[in-house]
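Here is a short briefing on one protein model. Keep the sequence and the 3D view open as you read.

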Amino acid sequence: MHTLVLDPGFLPVKVISWRRALCLSFLAKVEVLASYEREVRTVDRGFPTPSVVRLLHAARPGPQVVRFSRRNVYLRDNHRCQYCGVQYSDHELTLDHVVPRVDGGKTTWTNVVAACAACNRRKGGRTPEQAGLPLRTRPARPKWTPMTLAQRLPLHDVPEAWRAWLGVKY
């Protein structure tokens, strides 16, 4: 479970762990706006698990860096194979190096794309041009904000309590 963090003006800033949100609430740095049904118990007391919190003081924004991960590559590519264009679920996709690792290709945002297993096998250890499989889109580092990330997530991945704050219609 994660917690959506809003700035003092109620705009989404980032997503943090519920543990971090609970600590920030004890330190009076955030206001809890919504909670999950699950309760966190201590020896003598229970606390609601925060779902949405609002910062009480403006924080200096840090750089918006999206870390490289399998899930984020799938989100960037909209769960579509970048060779055949068909949309797949997470467990049906693989990561493919545009320039194969055998030829010195690195695991970076600009060299990795989502591909279905069939296209990945067909491409093998060749470049897309050599395999006759042109890329649908050129891979690049994404520049997402929490709002656009939430719009890319499937409905079941966005907690109910977040939807009002993200301005996304589901």
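D96 counts as buried, at 3% relative accessibility. Its salt-bridge partner is K123, and the closest N and O atoms of the two are 3.3 Å apart. K123 is buried too, with a relative accessible area of 0%. Keep in mind that this is a predicted model.

**Salt bridges**

- Side chains of opposite charge can pair when their charged atoms come close.
- The count here comes to five salt bridges. One of them is the pair of K123 and D96.
- That pair links distant parts of the chain. K123 sits in helix α3, residues 117–123, while D96 sits in strand β5. The two are 27 residues apart.
- E31 forms a salt bridge with R54. Their closest N and O atoms are 2.8 Å apart.
- This pair also links distant parts of the chain, with E31 in strand β3 (residues 30–41) and R54 in strand β4. The separation is 23 residues.
- R54 is buried, since its relative accessible area is 15%.
- R76 forms a salt bridge with D77, with 2.9 Å between the closest N and O atoms. Both R76 and D77 are buried.

**Aromatic pairs**

- How many aromatic pairs are there? The count comes to two.
- F26 and F47 form an edge-to-face pair. Their ring centres are 5.0 Å apart, and the angle between the planes is 75°.
- F26 lies in helix α1 (residues 18–26) and F47 in strand β4 (residues 46–55), so this pair ties together parts that are 21 residues apart in sequence.
- F47 counts as buried, at 15% relative accessibility.
- The reason is the cut-off: planes over 60 degrees apart count as edge-to-face.
- Where do F68 and W109 lie? F68 is in the loop between β4 and α2 (70–76), and W109 is in the loop between β5 (93–97) and β6 (112–116). The pair therefore ties together parts that are 41 residues apart in sequence.
- F68 counts as partly exposed, at 29% relative accessibility. W109 counts as buried, at 4%.

**The sheet**

- Four strands form an open sheet with mixed pairing. Their order is β2-β1-β4-β3.
- Which strands sit at the edges? They are β2 (12–17) and β3, and each pairs on one side only.
- Neighbouring strands of this sheet are turned by 30° against each other on average, direction ignored.
- Strand β1 (residues 2–6) and β2 run antiparallel, joined by five bridges.

**Nonpolar cores**

- In soluble globular proteins, nonpolar side chains tend to be buried together.
- The largest nonpolar core has nine residues: C81, Y83, V98, V113, A115, C116, C119, A131 and L133.
- Which strand gives the most to this core? β6 does, with three residues.
- A131 belongs to this core. A131 touches R122, K123 and R126, leaving out residues up to four places away in sequence.
- A second, separate core has eight residues, including L6, A34, V52 and W162.

**Positive phi angles**

- Most residues other than glycine have a negative phi.
- F10 has a positive phi, near 70°. F10 is in the loop between β1 and β2.
- F10 counts as partly exposed, at 38% relative accessibility.
- N78 also has a positive phi, near 60°. N78 lies in the loop between α2 and β5.
- N78 counts as partly exposed, at 37% relative accessibility.

Notes. Residues are numbered from 1 along each chain as its sequence is written. This is a predicted model: local features need pLDDT of at least 70, side-chain atom pairs count only at pLDDT 80 or more; totals for chains, interfaces and linings use all residues. Side-chain values use heavy atoms; hydrogens and water are left out. Rings of Phe, Tyr and Trp (its six-membered ring) pair if their centres lie within 6.5 Å; planes under 30 degrees apart count as stacked, over 60 as edge-to-face and the rest as tilted. Buried means under 20% relative accessible area, exposed over 50%, partly exposed in between (1.4 Å probe, protein chains only). A salt bridge is a side-chain nitrogen of Lys or Arg within 4 Å of a carboxyl oxygen of Asp or Glu. Two strands pair if DSSP finds at least two bridges between them. Axes are lines fitted to C-alpha atoms, for helices over the stretch in contact, and angles run from 0 to 180 degrees between N-to-C directions. A nonpolar core is a set of buried Ala, Val, Leu, Ile, Met, Phe, Trp, Tyr and Cys residues joined through side-chain atoms within 4.5 Å. Contact means heavy atoms within 4.5 Å.
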